[in-house]
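Please look over the chain before reading on.

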Amino acid sequence: MIREESPSVTPALEPVRRIAAYAVCTDGSGRVLLVRASTRSGTPGAWSLPGGAVDHGEDPNHTVVRESAAETGLSITVTGLHDVLADMRALPHRGVTIHTDRLVYAASVRGGTLVDRVGQPTDLARWHTLDEAKGLPLRPFTANALGLPPGSIDLRPDETPDFPSFYAAPGPDGLHRAQRFAAYAVATDPDGRVLLTRVAAGYPGAGCWHLPGGGTDFGEQPGAALLRELVEETGQSGRLVSLLGVASHRDAASLGPEGYPIDWHGVRAFYRVAVDSPVAARVADVGGSTDAARWFPADELRDLPPEATTEVTAEAVRAAFPQ
């Protein structure tokens, strides 16, 4: 959880959500690559990890490589997933409060030369030791990722605004677009059974077995959202064990209960969750996107045909139980 110092009072601001990807990139001397925000940004002079917003339909792995190259002049390669977190930031001069779901990757440099930029949201890219970084005005998410004490650079809103986890808006081609961040669980009990939920009729993937979980609320951390969804969907209380990965899937013309096609882009973090005291699987939120819940023994899970599970379920199960 990101810790903040006392927030300042802010006026009512329009809520905005976005997904972004960043790189923790170190060199052979243990220095970390940081970029400085320019006067065009909301926090000029602040330092952060290189990265930026995930475009609609873009895999976050590609985002972090593209944004890092643009901000630093260096070509990087992703070597792993470092962390997933969320934060809120008030920008009164823009009239918005931004909730950002941040995917933080470990990365290494393949080549290139550090560059300075003019007229862009960041203007400098430099290597810093952790001791040097401690003395810089760091964005809170950057300090968190580096294990350093957080500062109070980001202005937090007084209250968490209401904002749906799913919001579709017309895209440039006239087709509605939706980009949604969600958190899901590979939930197991002491007997090694895995908990799955079935997608209800009228929703994309109807009839397929899916992971318990769902969209995060504005201002909510993904881990907390996941445990909340686990109780609401299946009646199970769990504890987070580890972050397994992030899946990015796009359905360019998804049909759901809205009744019209939506260019849908889902970015989902999936976690291993332990349910130490399982109860009978049941759907607590009747009438929603889930119509059944069931504990699957490991052998039954392996025998499920590919078409019986959603993409993210198959990907997460492979990550949790590698062959």
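Visitor: Into which domains is the chain divided?
Guide: This is a predicted model, in which local features need pLDDT of at least 70 and side-chain atom pairs count only at pLDDT 80 or more, while totals for chains, interfaces and linings use all residues. Residues are numbered from 1 along each chain as its sequence is written, and side-chain values use heavy atoms, with hydrogens and water left out. With bounds taken from an automatic or database domain assignment, the chain is divided into domain 1 (14-146) and domain 2 (177-320).

Visitor: How much area do domain 1 and domain 2 bury between them?
Guide: The C-alpha centres of the two domains lie 29 Å apart, and the contact (heavy atoms within 4.5 Å) takes 23 residues from domain 1 and 23 residues from domain 2. Buried area is the accessible area (1.4 Å probe) that two parts lose on being put together, summed over both. Of the area buried here, 67% is on carbon and sulfur atoms, and the total is about 1,700 Å².

Visitor: How many salt bridges are counted between domain 1 and domain 2?
Guide: A salt bridge is a side-chain nitrogen of Lys or Arg within 4 Å of a carboxyl oxygen of Asp or Glu. By this rule the count comes to 21 salt bridges, whereas between domain 1 and domain 2 the count is 0.

Visitor: Which residue forms a salt bridge with D154, and how far apart in sequence are the parts that the pair ties together?
Guide: The closest N and O atoms of D154 and its partner R139 are 2.7 Å apart. Helices (H or I, at least four residues) and strands (E, at least two) are DSSP runs, numbered from the N terminus. D154 lies in the loop between α3 (140-146) and β8 (169-170), and R139 in the loop between α2 (130-134) and α3, so the pair with R139 ties together parts that are apart in sequence by 15 residues.
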